[in-house]
Amino acid sequence: MRLDVPSDLGMVGDAVELVATHLPPGTLSPRRISFNLRTALAEALGNAIRYGNGEDPDRLVRDFVRIHVDDDGQGFDASRLPDPTHPDNLEREYGRGLFVIRHLVDDVAFNEKGNGICLTLRAG
């Protein structure tokens, strides 16, 4: 979902509702969506509009999506993965996942242990 919100505090409620109603089922409990998500997003958008953009109607606030995926495994060092585009690795049946992910999202970060990944997709 791409969400560009005009710098109009009157648009915050509609933007929050749009995001809240388009979350994939099971992402968050109904209670967390109805209060935590809506309240935090409304505050963040309101602050960006009021303080960041000075309520200038010619400026926008852009929303982005950040997804965290963690597992219970031992983790790994992503910097030590072989390059899947190297000729020696082209026929391998594994090792392309992170290569694909890095080309599909705007930012990829791993936690210190290497058992968690954070994907960021910016509006645009």
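Predicted model: local features only at pLDDT ≥ 70, side-chain atom pairs only at ≥ 80, totals over all residues.
R2 sits in the segment before β1.

R122 itself belongs to strand β5, which covers residues 116–122. If we set aside neighbours within four places in sequence, R122 has contacts with D63, F64, D106 and D107. Compare that with another pair: R122 and D88 are 34 residues apart along the chain, and their C-alpha atoms are 34 Å apart.

Helix α2 runs over residues 30–52, so to speak, 23 residues in all. From its first C-alpha to its last, α2 reaches 30 Å, and that is close to the 33 Å expected at 1.5 Å a residue. Where does α2 bend? Please find L37 on your screens: the helix bends there by about 30°.

Which residues of α2 are buried? They are I33, L41, L45, G46 and I49. The cover over these buried residues includes β1 (4–6), α1 (12–21) and β2 (60–62).

Let's take L45 as our example from this helix. L45 counts as buried because its relative accessibility is 4%, and buried means under 20%. Beyond its neighbours within four places in sequence, L45 is in contact with V5, V12, A15, V16 and V61. There is also a C-alpha distance to look at here: L45 and M11 are 34 residues apart along the chain, with 9.3 Å between their C-alpha atoms.

Next, the charged side chains. In general, side chains of opposite charge can pair when their charged atoms come close. How many salt bridges are counted in this model? The count is 2.

One of them joins R38 and E17, whose closest N and O atoms are 3.0 Å apart. R38 is in helix α2 and E17 is in helix α1, so this pair ties together parts that are 21 residues apart in sequence.

E55 lies in the loop between α2 and β2. For those of you who like backbone angles, E55 is worth a look: its phi is near 55°, a positive value in a residue other than glycine. G54, which follows α2, has a positive phi as well, near 60°.

While we are in that loop between α2 and β2, let's stop at R59. R59 is partly exposed, with a relative accessible area of 41%. Not counting residues up to four places away in sequence, R59 touches V5, P6, S7, G52 and N53. The C-alpha atoms of R59 and D8 are separated by 9.4 Å, and those two residues are 51 apart along the chain.

Last stop, the surface. Which residues make the nonpolar surface patch of about 280 Å²? V65, I67, V69 and L121 do. Strand β3, residues 64–70, gives the most to this patch, with 3 residues. V65 is in strand β3, and at 36% relative accessibility V65 counts as partly exposed.

To recap the tour, helix α2 bends at L37 and has L45 among its buried residues. Strand β3 gives the most to the nonpolar patch.

Definitions and conventions
Residues numbered from 1 in each chain as written. Heavy atoms only, no water. Helix = DSSP H or I, 4+ residues; strand = E, 2+ residues; numbered from the N terminus. Expected span 1.5 Å × (residues − 1). Bend = angle between axes of the 7 residues up to and from the residue. Buried < 20%, exposed > 50% of the residue type's maximum accessible area, 1.4 Å probe, protein only. Contact = heavy atoms within 4.5 Å. Patch = residues over 30% accessible without salt bridge, like charges linked within 9 Å, V, L, I, M, F, W, Y side chains within 5 Å. Areas by Shrake-Rupley, 256 points an atom, 1.4 Å probe, with all protein chains shown as cover. Salt bridge = Lys/Arg side-chain N within 4 Å of Asp/Glu carboxyl O.
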